[in-house]
Amino acid sequence: MLKIVVPMAASILATEFVQAQTEIIGNVDSKCIIVSETPGVYGNPNPYQLTTAPTSGGVQPIIRFDVLAADYYKAVIEHPVSFSSSPTLDDVVTWTGDVEVSEVSDTDMSTYDSDKVEYDNAHEYQMTVAGSTWFKISSVADYGYNKSFPAGQYTAVVEAECIPL
Amino acid sequence: MKRLSWALVALCYLPSYSYSEEIYGTTNNAAQAGLNWVMTQVLPEYAGLEVNGLVYSYTAVKDPETDMIVWVQNEYADGSGYIFRNSDDWSGLPGNTISKSFAFPNLPATLWGPGSVEVEGEGSVEDASIIYSYRYDTCFDPQSDPSCPGYEETVEVPEIPIYDPLQDALVQEDMARKARIQEEEEERERQRRREQWALSNTLEDLLGDGNNPGLVDPVAEALALALTSRTLPTDYLYSLEGREYLEAVILDGGTIEDNVKARRSNLAQQLLHQQMVDSQYESSQQETK
């Protein structure tokens with residue numbers, strides 16, 4: 001009788017083995033926020049030119065970077081080198097532009113401009129201070145050789161990225 | 001549900017229905033007219049107003065090589081230090097536009113004193129913008145609005161005519177009557193005193209006249225004299241016997257020798273006195289010459 005009971009008990013133990021899994025969930029919020037504060041407007045002082053210069057009726061776009069942790073991000077801002085939408089253009093458009101720090105929330109950010117790295121149309125800033133930094137972008141598009149832009153609406157895009165280091 | 005909505009509507013129309021509201025707002029640029037400002041001219045005048053934030057921005061114009069510190073500050077209204085003070089150190093940095101914001105734990109407007117942007121070092125501040133955010137309760141003073149909770153209806157005090165009994169005709173007549181009676185009584189009293197005084201004067205005249213034989217009673221006079229003699233000291237009636245007191249001390253001859261030392265001293269003083277007199281005489285003689 002005992003001999004029967006033991007194997008049975010063993011079989012019961014074998015069937016009662018359980019396994020459990022639990023999850024660990026973590027959310028990572030970016031410590032860098034990009035806000036488009038002021039949309040840009042092209043002025044048309046000459047038939048062949050579109051510019052954001054305020055003296056020519058344009059408005060310079062302003063982008064704000066809010067960095068919550070210093071030394072963990074770099075900001076890359078590219079001024080436009082093409083229209084995202086425009087009438088059909090049959091000539092070359094020459095693009096020039098610039099990005100500069102227009103406002104800071106900490107005096108140490110005032111060295112950002114002198115420390116930035118430029119390549120192509122990109123301007124790369126090391127975000128070494130926590131706080132808000134405002135970047136002002138200028139853009140000029142010259143059409144052909146003093147050739148008039150066709151009538152219509154022109155749109156160009158400024159790209160801003162906050163890249164974790 | 002329908003009954004509940006009716007109850008809510010009725011509640012809204014009840015006279016005791018009340019509410020208060022918190023209003024939030026921001027000031028104009030405090031540094032519009034300069035880098036110094038007075039808070040009473042910046043904040044609106046609402047009872048119970050509290051400052052809960054500040055946003056400032058300015059452009060620092062400077063040489064990157066120079067040192068410069070910019071202070072944005074507000075003193076306490078009672079002058080006991082600063083209620084808010086923040087510095088931006090631009091030393092060795094290029095100038096730029098800076099923008100900062102601060103939150104305060106609802107500090108009463110009465111605490112806020114004069115504000116200023118102060119530059120320490122070389123450089124200047126341009127386009128300064130100082131904007132305060134505030135809040136206030138529309139019912140901070142419940143009596144400001146009948147819709148405020150805690151509002152109490154003002155009780156109108158009826159105008160009660162003041163009764164001055166002294167102005168009453170009957171009272172005045174009665175007072176005049178009493179005054180008249182009192183005056184009459186006083187006049188009678190004065191008359192009585194005059195008569196009494198005249199009578200007593202007459203009696204004095206009569207009694208003071210010693211030649212009036214009708215008033216001299218020999219018996220009474222003798223009695224008065226006897227009484228007088230009895231009251232005077234008896235010594236007045238006796239005479240003292242005179243005597244002569246003769247010299248009792250007699251010197252018994254002999255001579256008293258002069259004291260030699262005293263004599264010498266006397267002579268010396270005499271000589272000194274003579275010299276002084278001679279000197280005065282000579283000086284007077286010289287003056288007359």
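B:Trp37 has B:Gly115 as its bridge partner in strand 7 of chain B. That pairing belongs to strand 2 of chain B, which joins strand 7 (residues 112-121) through 2 antiparallel bridges. The model is predicted. The predictor assigns the complex an ipTM of 0.74 and a pTM of 0.59.

**Make-up of chain B**

- Chain B contains 4 helices and 8 strands.
- Read from the N terminus, its elements follow the order α-β-β-β-β-β-β-β-β-α-α-α.
- Chain B has 289 residues, of which 12% count as buried.
- Consider the contacts in chain B with a separation of 6 or more: 76% of them link residues 24 or more positions apart.

**The open sheet 2-7-4-5**

- Which strands make up the open sheet of chain B, and in what order? The sheet has 4 strands in the order 2-7-4-5, with antiparallel pairing.
- Strand 2 (36-37) and strand 5 of chain B are the edge strands. Each has a single partner strand, so one side of each lacks a neighbour in the sheet.
- Strand 4 (residues 68-76) of chain B pairs with strand 7 of chain B through 8 bridges, in the antiparallel sense.
- One residue pair in that pairing is B:Met68 with B:Gly121, the latter in strand 7 of chain B.
- Strand 4 of chain B also runs antiparallel to strand 5 of chain B, joined by 7 bridges.
- Strands 4 and 5 of chain B form a hairpin, with 5 residues between them.
- The turn of this hairpin holds B:Gly79, whose phi is positive at about 80 degrees.

**Pairings of strand 3**

- Strand 3 (residues 50-61) of chain B pairs with strand 6 of chain B over 9 bridges, and the sense is antiparallel.
- B:Glu50 has its bridge partner in strand 6 of chain B, namely B:Pro108.
- Strand 3 of chain B is also joined to strand 8 (residues 124-137) of chain B. That pairing has 10 bridges and is antiparallel.
- On this side, B:Val51 is bridged to B:Tyr134 of strand 8 of chain B.

**Contact between chains A and B**

- How many residues does each chain bring to the contact? Chain B brings 12 residues and chain A brings 9 residues.
- On the side of chain B that touches chain A, two or more residues come from strand 5 (82-89) and from strand 6 (97-108) of chain B.
- Strand 6 of chain B gives the most to this side, with 4 residues.
- By class, the side of chain B that touches chain A has 4 nonpolar, 5 polar and 3 charged residues.

**Confidence**

- Chain B has a mean pLDDT of 83, and 86% of its residues reach 70 or more.
- Where in chain B does the pLDDT fall below 50? This happens over residues 8-15 of chain B.
- Beyond near neighbours in sequence, that stretch has 2 contacts in the model.
- Where pLDDT is low, the predicted coordinates should not be read in detail.

Methods: Residues are numbered from 1 along each chain as its sequence is written. Chains are lettered from A and ligands numbered from 1 in the order in which they are written. This is a predicted model: local features need pLDDT of at least 70, side-chain atom pairs count only at pLDDT 80 or more; totals for chains, interfaces and linings use all residues. Two residues are in contact if their C-beta atoms, placed from the backbone, lie within 7 Å. Ala, Val, Leu, Ile, Met, Phe, Trp, Tyr, Cys and Pro count as nonpolar, Asp, Glu, Lys and Arg as charged, and the others, Gly among them, as polar. Two strands pair if DSSP finds at least two bridges between them. A residue is buried if 20 or more other C-beta atoms lie within 10 Å of its own, exposed if 12 or fewer, and partly exposed in between; C-beta atoms are placed from the backbone. pLDDT is the predictor's confidence in each residue, from 0 to 100.
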